[in-house]
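Good morning, and thank you for coming. Please look at the sequence and the model on the screen while I go through a few points.

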Amino acid sequence: MDTHNEIVFMEEQMKKLVAKDALLKLVYKDMTINRNHSCEDALKIIFNGYVLDDPIMEEEYRKASK
């Protein structure tokens with residue numbers, strides 16, 4: 001992977017992405033309400049499981065920073 005485009009977890013950026021994506025919003029609610037994860041942990045899990053190594057989601061994540 002090109003280090004200039006490396007994706008790094010940023011909580012505020014993930015919050016924006018989750019807010020605009022229906023699937024991620026559903027997963028986030030499940031993790032925080034039903035599975036008792038903290039908000040930050042839920043966002044990190046979603047980032048690692050749904051964003052990393054998915055070119056489309058990585059692009060959406062980049063857009064969320066703007």
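This is a predicted model: local features need pLDDT of at least 70, side-chain atom pairs count only at pLDDT 80 or more; totals for chains, interfaces and linings use all residues.

**Surroundings of L43**

Beyond the neighbours within four places in sequence, L43 is in contact with F9, E11, M14, K15, V18 and Y28, where contact means heavy atoms within 4.5 Å. Residues are numbered from 1 along each chain as its sequence is written, and side-chain values use heavy atoms, with hydrogens and water left out.

L43 belongs to helix α3; helices here are DSSP runs of H or I with at least four residues, numbered from the N terminus. L43 has a relative accessible area of 1% and is therefore buried. The terms are these: buried is under 20% relative accessible area, exposed is over 50%, and partly exposed lies in between, with a 1.4 Å probe and protein chains only.

How do the axes of α2 and α3 cross? Helix α2, residues 22-34, and helix α3, residues 39-51, have axes that come within 9 Å and cross at roughly 135 degrees. The axes are lines fitted to C-alpha atoms over the stretch in contact, with angles from 0 to 180 degrees between N-to-C directions. That angle makes α2 oblique to α3, since angles under 35 degrees count as roughly parallel, over 145 as roughly antiparallel, 65 to 115 as roughly perpendicular and the rest as oblique. On the α2 side the contact is made by L23, L24, V27, Y28, M31 and T32, and on the α3 side by C39, A42, L43, I45, I46 and Y50.

Finally, the loops. Most residues other than glycine have a negative phi. N36, in the loop between α2 and α3, has a positive phi of about 60 degrees and is exposed, at 66% relative accessible area. D53, in the loop between α3 and α4, has a positive phi near 65 degrees and is exposed, at 68%.

Conventions:
Helices (H or I, at least four residues) and strands (E, at least two) are DSSP runs, numbered from the N terminus.
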